Amino acid sequence: GYTNIQKVDLSGNENIGDIGAVCLQLIPPTVSEVDMSYCNIGAVGLRHICDFMKSNTNIITLSLAGNRFDEKCATCLGEMLRENSILQVLRAYQYGDGEKRFKYYYNSSFWFEGVVEGLMHNHTLRVLEMVHNTHDMDKVALDAFNHVLCNGGGSAIERLCIGRVRQSFTF
């Protein structure tokens, strides 16, 4: 059988898309690391992933780089982070250029409310990587992350990579 599989790397399979994101539910319980980067997953697929991850007790590392997420995905990620009690590493960043760009809307307070709300209730996530974004960080974003790190009620974050700060920004 497949009882010894610990890592599943599906990265680069652009035909997976939203429908194929459901395949995460078929991964054996021995798997602790999943890479679904560049799989052409959008908001619908992310909803499937997050719903599964809310109650998952095995996957501690999840990589979702280079997919088609927008600001609506913040709610999904926030809900998942709020309810998941095992995930330690979440990588959601972009590489490359052109059509492959990760479409996070970091200037939107809606995005931050979703992610930060989830982080405030999450006590297991140690690494959150959201770098190489299409938008620079602004004061709202930095204040939101500062709040969760300083007042988050036991946040376990050890490494937070949230992208670049606007050149015009002052502390």
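I'm working on a predicted model, where local features need pLDDT of at least 70, side-chain atom pairs count only at pLDDT 80 or more, and totals for chains, interfaces and linings use all residues. Residues are numbered from 1 along each chain as its sequence is written, and side-chain values use heavy atoms, with hydrogens and water left out.

**Entry 1: the fold**

I counted 5 helices and 6 strands. Going along the sequence, I read the pattern β-α-β-α-β-α-β-α-β-α-β.

Next I looked up the strand order. The 6 strands form an open sheet, β1-β2-β3-β4-β5-β6, with parallel pairing. Two strands pair if DSSP finds at least two bridges between them. β1 (7-9) and β6 (159-161) sit at the edges with a single partner strand each, so one side of each has no neighbour in the sheet. From one strand to the next the twist averages 5°.

I zoomed in on one pair. β4 (residues 89-91) and β5 (residues 127-129) run in the parallel sense over 3 bridges. Which residue of β5 is the bridge partner of Val89? I found Val127 there.

For contacts I use heavy atoms within 4.5 Å. Of the contacts in the protein with a separation of 6 or more, 83% come from residues 24 or more positions apart.

Tyr38, in the loop between β2 (33-35) and α2, has a phi of about 55°. Asn40 lies in the loop between β2 and α2 as well, with phi near 60°.

Are they buried or exposed? My cut-offs: buried is under 20% relative accessible area, exposed is over 50%, and partly exposed is in between (1.4 Å probe, protein chains only). Tyr38 is buried at 17%, while Asn40 is partly exposed at 34%.

**Entry 2: two asparagines**

Asn67 is in the loop between β3 (61-63) and α3, and I have it as buried, at 1% relative accessibility. What does its side chain reach? A polar atom of the Asn67 side chain lies 3.0 Å from the backbone oxygen of Met36, and one lies 3.1 Å from the backbone nitrogen of Asn40. A polar contact here is a pair of N or O atoms within 3.5 Å; within protein, one must be able to donate a hydrogen and the other to accept it, and residues adjacent in sequence count only if both atoms are side-chain atoms.

Asn13 lies in the loop between β1 and α1 (17-20) and is partly exposed, at 37%. A polar atom of the Asn13 side chain lies 2.7 Å from the backbone oxygen of Leu10. Leaving aside neighbours within four places in sequence, I get Tyr38 and Cys39 as the contacts of Asn13.

**Entry 3: α2 against α3**

I looked up the packing angle: about 5°, with the α2 and α3 axes 9 Å apart. Axes are lines fitted to C-alpha atoms, for helices over the stretch in contact, and angles run from 0 to 180 degrees between N-to-C directions. That makes α2 and α3 roughly parallel, a label for angles under 35 degrees. Among the residues making the contact are Leu46, Cys50 and Met53 of α2 and Cys76, Leu77 and Met80 of α3.

α3 is mostly covered, with 8 of its 11 residues buried. Glu79 is one of these buried residues.

**Entry 4: the core**

Of the 171 residues, 47% count as buried. A nonpolar core is a set of buried Ala, Val, Leu, Ile, Met, Phe, Trp, Tyr and Cys residues joined through side-chain atoms within 4.5 Å. In the largest one, with 37 residues, Leu24, Met36, Ile49, Met53, Leu90, Leu119 and Leu128 touch the most other members. At least two residues of this core come from each of α2 (43-55), α3 (73-83), α4 (109-120) and α5 (139-151).

Beyond four places in sequence, the contacts of Leu128 include Leu90, Val115, Leu119, Phe145 and Ile157.

Note on methods:
Helix = DSSP H or I, 4+ residues; strand = E, 2+ residues; numbered from the N terminus. Parallel < 35°, antiparallel > 145°, perpendicular 65-115°, else oblique.
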